[in-house]
Amino acid sequence: MHGSSPADAPVVREPLHAPVAHLLRGGVVEGVHHGSVVVLGADGEVLFQLGDIEAAFYPRSALKPVQAVAMVRAGLPLDGELLSLAAASHSGEERHLAGARRILERAGLTEDDLRNVPDMPFGPAVRDAWVREGRPPSRLAQNCSGKHAAMLHTARLGGWSLDDYLDPAHPLQQAIAETVEDLTGQRIARVTVDGCGAPLFAVSLHGLARAAARITTAPPGTPEARVADAMREHAEMASGAGRDVAALMRAVPGLLAKDGFEGVEVAALPDGRAIGVKIADGAARARVPVAAAALARAGVDPALLTEFAGEPLLGGGAPVGRVRPVRALDPLPLPAGA
């Protein structure tokens with residue numbers, strides 16, 4: 001059952017980002033990453049915010065779980081690893097390519113039907129191997145091929161046209177937009193084109209976190225719960241071997257997490273606690289520790305998050321500092337006697 005009518009669209013403006021992480025070298029702040037952070041409680045209330053959580057922004061691939069929910073609502077019959085792949089920014093490993101082929105085959109389609117941009121694999125090790133082997137860019141290798149294969153499968157089941165499935169006016173994209181507005185609780189501010197060629201919807205960071213919470217708290221068997229279960233149980237299909245977002249879901253029981261280009265991350269726990277992070281300069285080296293710090297602010301045991309505390313800065317090959325979230329993101333002290 002869908003939610004109530006969405007609120008007005010977030011305002012399109014220059015975001016009022018704030019410092020969210022420092023680059024510390026030898027005890028001196030060498031650089032500053034700006035961004036915005038929101039932490040929601042289980043009741044949906046904002047427990048913590050930093051920067052601008054209400055301005056319109058593009059979630060990039062962090063919106064893929066919402067897009068996957070929309071496709072399941074529209075009849076996509078996938079579950080398990082293939083549904084996880086439908087919400088993936090995958091590394092281009094052979095299991096990812098094989099999974100995308102399986103989705104296409106179920107719809108009676110092939111790689112030639114995809115309309116995403118041909119690319120090399122996203123995973124550095126996989127990409128290096130492709131280069132050594134002289135393999136060219138392909139639509140299957142591009143990190144969004146699982147989503148595009150699922151879009152085609154959904155369009156085929158809906159009796160919709162296939163050649164123009166990426167047109168924002170296509171019934172599939174209209175259904176996705178409706179689900180984005182339903183789960184975020186707000187109207188879409190702008191529509192543009194994502195790197196892969198699919199429509200990209202501008203919402204707020206607050207709305208993105210709210211959508212993740214809606215997905216993780218949905219009753220079993222619903223499209224939202226099916227997507228959450230698939231991504232948590234098959235975290236590497238939604239990302240890849242050695243990827244930080246998969247490691248984070250493995251480290252924190254019940255966590256659903258999704259990253260996106262340009263420094264975006266969203267995560268939610270089964271009770272509805274959720275976080276959203278946007279790093280203004282798009283740096284992953286800040287995204288990871290800031291997301292971990294936000295989860296600690298949400299009440300996740302910091303001991304589960306130690307491997308995400310920030311990569312070291314090197315001097316002469318030895319650690320001399322690190323990326324550290326700002327003090328405002330430090331976990332709250334436990335109450336006396338707790």
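Which elements each supply at least two residues of the lining of the largest pocket? The answer is α4 (124–133), β8 and α10 (284–297). The structure is a predicted model, in which local features need pLDDT of at least 70 and side-chain atom pairs count only at pLDDT 80 or more, while totals for chains, interfaces and linings use all residues. Residues are numbered from 1 along each chain as its sequence is written, and side-chain values use heavy atoms, with hydrogens and water left out.

The protein has 10 helices and 12 strands, taken as DSSP runs numbered from the N terminus (helices are H or I with at least four residues, strands are E with at least two). With a radius of gyration of 19 Å, close to the 20 Å that the globule rule gives for 338 residues, the protein is as compact as a globular protein of that length. This radius is taken over C-alpha atoms, and the globule rule is 2.2 Å times the number of residues to the power 0.38. The C-alpha trace spans about 60 × 55 × 40 Å along its principal axes.

A 1 Å grid over the protein atoms alone defines them: a pocket is an open set of points with protein on both sides within 12 Å along at least five of seven lines, a cavity is a set where a 1.4 Å probe fits but cannot get out, and lining residues have an atom within 4 Å of a point. Points are joined across faces, edges and corners, and a volume is the space filled by probe spheres set on the points. The largest pocket holds about 360 Å³. It is lined by 21 residues, and Phe 122, Arg 243, Asp 244, Asp 259 and Arg 287 are the closest to its centre. Six of the lining residues are nonpolar, nine polar and six charged, where Ala, Val, Leu, Ile, Met, Phe, Trp, Tyr, Cys and Pro count as nonpolar, Asp, Glu, Lys and Arg as charged, and the others, Gly among them, as polar.

The second largest pocket has a volume of about 250 Å³. Closest to its centre, among 15 lining residues, are Pro 289, Ala 293, Ala 309, Pro 325 and Pro 331. Both α10 and β12 (318–325) give two or more residues to this lining, and α10 gives the most, with four. By class, the lining has 11 nonpolar, one polar and three charged residues.

Axes are lines fitted to C-alpha atoms, for helices over the stretch in contact, and angles run from 0 to 180 degrees between N-to-C directions. Asp 182, Leu 183 and Thr 184 in α6 meet α7 residues including Leu 208 and Ile 215, contact meaning heavy atoms within 4.5 Å.

The axes of α7 and helix α8 (residues 223–233) come within 7 Å and cross at roughly 90 degrees. In this contact, Arg 214, Ile 215 and Thr 216 in α7 meet Glu 224, Ala 225, Ala 228 and Arg 232 in α8.
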